[in-house]
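Okay, thanks for coming, everyone.

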Amino acid sequence: MQRTPYLPLLVLPVLAAMLLVAPLAADGLRLAPVKDPVVAKECSACHMLYPAGLLPARSWSTIMADLANHFGDNAELDAATTRHITEYLTANAADSAKQNRAVLRGLAPTEVPERITALPWWIRKHERKDRVTAATLARRGAKFKGDCKACHQDAERGIFDDD
Amino acid sequence: MARTIGAAALLLASAVAASALSPAQRAVLDRYVAAAKSDPEYAGPSAERGRAFFFASHAGGKADTPACTVCHSSDLAAPGKTKAGKAIEPMAASIVPSRYSDPATVEKWFRRNCRDVLGRACSAAEKADVLAFLLSL
């Protein structure tokens with residue numbers, strides 16, 4: 001009974017902390033969308049526009065170094081455009097100062113994943129929860145499991161809400 | 001004599017087809033025609049040959065893309081679809097008048113798609129034929 005007056009002192013910081021943390025947890029991942037018009041045009045001609053923050057710089061460099069065999073397709077660009085896109089993607093990559101590094105959790109510094117869906121973070125977020133079974137992909141109209149916006153409709157704007 | 005009349009008819013036909021082209025489209029087509037003329041036998045582009053080439057099933061490329069129509073569909077007035085599921089604007093120039101106006105864009109897609117579909121670069125004559133066909137639609 002004596003302690004009652006002290007209770008708000010304990011509860012208030014906890015409530016404040018919950019208010020700060022809860023929206024972050026509920027909203028899922030936020031990444032900067034691609035803002036460069038050349039990158040936006042060239043990197044969305046065949047597939048959705050992936051935010052640069054979905055892969056580390058070493059992955060982007062590796063992908064951009066072999067556009068003639070881009071996940072099985074020829075996506076060659078002239079040298080100047082290739083260089084421009086590589087610079088943008090590496091400068092805005094998941095391991096750049098300006099990005100949320102959550103996507104790199106569990107990834108060894110020596111690993112160079114070329115697929116976002118090969119990131120330990122991605123696998124933990126999706127496969128353990130059966131979110132990317134063949135049936136789910138078919139229902140969502142996704143052609144492959146890297147087609148983020150089949151489920152995260154604002155993925156190109158860097159908004160990956162849990163659903 | 002027959003050869004001269006044939007050539008004249010061909011010139012006339014291409015002039016008629018070309019009349020609908022924008023100056024930019026004509027310039028893109030002419031670049032490939034000029035390159036193809038390094039062969040002295042070359043008699044100019046043929047929309048009919050272009051049509052056959054576009055719809056043919058080619059060997060030498062990737063197994064899942066033997067023909068242009070795999071992604072562009074057989075109805076060239078309708079959108080196509082990439083393997084990743086994105087829509088491709090219709091190929092018919094009459095439906096999308098901005099098409100085939102930028103030489104770098106046209107060459108970019110020939111370079112990529114010829115490798116995927118045929119497993120080799122297309123010749124200037126083949127590109128001119130395909131362009132003549134698509135520009136006639």
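By buried I mean 20 or more other C-beta atoms within 10 Å of a residue's own; exposed is 12 or fewer, partly exposed is in between, and the C-beta atoms are placed from the backbone. Helices (H or I, at least four residues) and strands (E, at least two) are DSSP runs, numbered from the N terminus.

Some bookkeeping before I go on. This is a predicted model, where local features need pLDDT of at least 70 and side-chain atom pairs count only at pLDDT 80 or more, while totals for chains, interfaces and linings use all residues. Residues are numbered from 1 along each chain as its sequence is written, and chains are lettered from A and ligands numbered from 1 in the order in which they are written.

How confident is the predictor about chain A? The average pLDDT, which is the predictor's confidence in each residue from 0 to 100, is 86 for chain A, and 82% of the residues score at least 70. Over residues 21-26 of chain A, though, the pLDDT is below 50, and that stretch has zero contacts in the model beyond near neighbours in sequence. A contact here is two residues whose C-beta atoms, placed from the backbone, lie within 7 Å. Where pLDDT is low, the predicted coordinates should not be read in detail.

Now the cores. A nonpolar core is a set of buried Ala, Val, Leu, Ile, Met, Phe, Trp, Tyr and Cys residues joined through C-beta atoms within 7 Å. The largest one has 23 residues, and those with the most contacts inside it are L54(A), W60(A), A93(A) and A94(A). Helices α3 and α4 of chain A each supply at least two residues of this core. Leaving out residues up to four places away in sequence, L54(A) touches L31(A), A94(A), V103(A) and I116(A). Another core lies apart from it, with 20 residues, including L29(B) and Y100(B).

Over to chain B, then. Chain B has six helices and two strands, in the order α-α-α-α-β-β-α-α along the sequence. Of its 137 residues, 26% are buried.

The helix I'd like you to look at is α2(B), with 14 residues. Buried there are Q25(B), V28(B), L29(B), Y32(B) and V33(B). They cover an arc of only 135° around the axis, which puts them on the same side of α2(B). On the other side, P23(B) and A34(B) are exposed. Cover for the buried residues includes α5 (103-118) and α6 (124-136) of chain B.

Why does V33(B) count as buried? Because V33(B) has 20 C-beta neighbours inside 10 Å. Not counting residues up to four places away in sequence, V33(B) touches G44(B), P45(B) and A128(B).

Definitions and conventions: The expected span of a helix is 1.5 Å times one less than its number of residues. The arc is that of the directions from the helix axis to the C-beta atoms.
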